[in-house]
Amino acid sequence: MYKKIWEKIKENDVITIFGHVIPDGDCYGSQLGLKNAILENFPDKKVYALGSGLPKFFPLIGEMDKVDDEVIKSSLAIIVDTANLNRIEDQRYSLSKEIIKIDHHLLQDHFGEPEVIINDKISCTQIIGDMLISLNIPFGKATALPLFLGLVTDSGRFLYQPIPENAYRVAGALSNTGIDIQSLYDLLY
């Protein structure tokens, strides 16, 4: 399933990444982490994370993008951390030529091909991190920090039990890039 996502990413030159209304750390982190992972591996692609994001984290992690409808119409849309269509923050996702869904919530609406829903992951960022690790896709700090934000916030700083072993493996791989976890915690707490 991960390979199908990455193949679709390889096939498309324009990619838009959408999340849910009232974004949290997992939604925002998934959007920016995936955007940065794609750009780190395909610097010539046009990749946009759309929505309001978490402005408090913009100086540390990055701002959201603004694009017109024509960009979306030419794009592969990737919808992250969202189980149902009416919760997608920017409803222009429907203009895109194709949709991929990556989520960890219980199934509500079927949409996207591939549609990757893995309920035993604590966050969507864990799924994205696991995909990068499993496919041996290189990534650096720009990808790791937003993904780590999503893991930390959706797990309650790894306090919400049970925490799957894979979450720790992903967290370890993200922290091994040398990300500044203390700066993230300072903003978060």
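Hi everyone. Before we look at the fold, one definition: two strands count as paired if DSSP finds at least two bridges between them. Keep that in mind, and keep in mind too that this is a predicted model.

Five strands form an open sheet in the order E2-E1-E3-E4-E5, and the pairing is parallel. The edge strands are E2 and E5, residues 115-117, each of which pairs on one side only. From one strand to the next, the twist averages 15 degrees.

Let's go to strand E1, residues 14-18. Is E1 enclosed or open? Buried here means under 20% relative accessible area. By that cut-off, 5 of the 5 residues of E1 are buried, so the strand is largely enclosed by the rest of the structure. In general, side chains in a regular strand alternate between the two faces of the sheet. In E1, Val14, Thr16 and Phe18 point one way, while Ile15 and Ile17 point the other way, and all are buried.

Now for the neighbours of E1. Strand E2, residues 46-50, runs parallel to E1 and is joined to it by 5 bridges.

Ile102 has Val116 in E5 as its bridge partner.

What packs on this sheet? Helix H1, residues 2-11, does, touching E1, E3, E4 and E5, and its direction makes about 140 degrees with that of E4. Helix H2 lies across E1, E2, E3 and E4, running at about 175 degrees to E2. H2, residues 25-41, also makes a right-handed β-α-β unit with E1 and E2.

Let's zoom out to the chain. There are 8 helices and 5 strands, and from the N terminus on the elements run α-β-α-β-α-α-β-β-β-α-α-α-α. The radius of gyration is 15 Å, close to the 16 Å that the globule rule gives for 189 residues, so the chain is as compact as a globular protein of that length. Along its principal axes, the C-alpha trace spans about 40 × 30 × 30 Å. Buried residues make up 54% of the 189 residues.

Definitions and conventions: Residues are numbered from 1 along each chain as its sequence is written. This is a predicted model: local features need pLDDT of at least 70, side-chain atom pairs count only at pLDDT 80 or more; totals for chains, interfaces and linings use all residues. Side-chain values use heavy atoms; hydrogens and water are left out. Buried means under 20% relative accessible area, exposed over 50%, partly exposed in between (1.4 Å probe, protein chains only). Helices (H or I, at least four residues) and strands (E, at least two) are DSSP runs, numbered from the N terminus. A crossover is right-handed if, with the strands pointing away from the viewer, the path from the first strand over the helix to the second runs clockwise. Axes are lines fitted to C-alpha atoms, for helices over the stretch in contact, and angles run from 0 to 180 degrees between N-to-C directions. Contact means heavy atoms within 4.5 Å. The radius of gyration is taken over C-alpha atoms; the globule rule is 2.2 Å times the number of residues to the power 0.38.
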